[in-house]
Amino acid sequence: ARDPGQTQMIGLDARLLCVRTLIRSIRDKSYSNLALTNAQMNAETGTPQDQALCRRIFRGVLERMLTLDACIAAHSKRPPEKLDLEVCCVLRCGIYELLYLQTPESAAVNLWTEAVKKLRKTSAAAMVNAVLRGFLRGGKQIPNSSTLTPLRLAAIKCPNSCKVTNVIKTSNPTTTPINIITIQVISINISNRNLFYCIFSF
């Protein structure tokens with residue numbers, strides 16, 4: 001009979017391949033699809049299900065990274081940009097799986113907690129476990145505008161190529177045709193061009 005601990009770790013290799021490829025892609029600024037294809041070709045043969053899971057999480061994290069980072073920020077004492085890349089990527093993958101896949105929640109938390117240990121970040125295992133469980137206790141809610149700073153709100157609403165550079169102005173108009181509480185003018189850099197967006201809070 002299979003050991004219960006081994007049963008709970010089924011799929012760990014696929015997740016490790018996913019997060020290691022994600023880390024490498026971000027660190028090297030390489031083409032993500034090419035990085036994933038090469039990683040899967042060079043990896044030990046896995047089941048089609050493992051390969052599909054790896055692709056699903058990898059691509060999903062890249063597509064929804066800003067939303068995932070907002071979820072991390074809501075449950076971590078340190079913002080994503082202040083975390084070690086390995087830890088941050090594990091949390092991104094874990095929250096993505098909890099949000100968008102049908103994996104049993106306790107299994108997903110245990111797998112990603114084990115994954116961060118395999119990345120030689122054992123000291124961060126308790127923190128990863130706490131953030132993921134905190135996310136579950138919070139009902140897996142994606143933060144809304146009332147719980148985000150202007151910079152993070154702008155980042156969530158903009159594509160990955162955007163870089164929020166500054167909050168230019170925040171004002172509270174006294175007379176408006178509609179009931180606007182605040183107007184925040186934000187400078188965003190896209191392809192080396194500064195664009196300006198207004199965020200209206202009602």
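**Helices, cysteines and loops**

Q: In which helix is the place of Glu86?
A: Helices are DSSP runs of H or I with at least four residues, strands are E runs of at least two, and both are numbered from the N terminus. The run holding Glu86 covers residues 85-100. That run is helix H6.

Q: Which pLDDT do local features need in this model?
A: Residues are numbered from 1 along each chain as its sequence is written, and side-chain values use heavy atoms, leaving out hydrogens and water. The model is predicted: totals for chains, interfaces and linings use all residues, side-chain atom pairs count only at pLDDT 80 or more, and local features need a pLDDT of at least 70.

Q: Is Glu86 buried or exposed?
A: Buried means under 20% relative accessible area, exposed over 50%, and partly exposed in between (1.4 Å probe, protein chains only). Glu86 has 16% relative accessibility. Therefore Glu86 counts as buried.

Q: Which residues does Glu86 touch, not counting those up to four places away in sequence?
A: Contact means heavy atoms within 4.5 Å. By that test, Glu86 touches Ile23, Arg27, Leu119 and Lys121.

Q: How many disulfides does a search of the whole structure find?
A: A disulfide is a covalent bond between the sulfur atoms of two cysteines. Here the test is a pair of cysteine sulfur atoms within 2.5 Å. The search of the whole structure gives a count of zero.

Q: How far from Cys54 is the nearest cysteine sulfur?
A: Cys54 is buried, at 1% relative accessible area. Cys54 is in no disulfide. The nearest cysteine sulfur belongs to Cys18, at 4.8 Å.

Q: At what angle do helix H2 and helix H4 pack?
A: Axes are lines fitted to C-alpha atoms, for helices over the stretch in contact, and angles run from 0 to 180 degrees between N-to-C directions. H2 spans residues 12-28, H4 spans residues 48-63, and their axes lie 8 Å apart. The angle is about 35°.

Q: How many nonpolar residues are in the contact of H2 with H4?
A: Ala, Val, Leu, Ile, Met, Phe, Trp, Tyr, Cys and Pro count as nonpolar, Asp, Glu, Lys and Arg as charged, and the others, Gly among them, as polar. Residues that meet include Leu17 and Cys18 in H2, and Cys54 and Phe58 in H4. The contact has two polar and two charged residues, and its nonpolar residues number ten.

Q: What is the phi of Arg120?
A: Most residues other than glycine have a negative phi. Arg120 lies in the loop between H7 and H8, and is exposed at 77% relative accessibility. Its phi is positive, near 65°.
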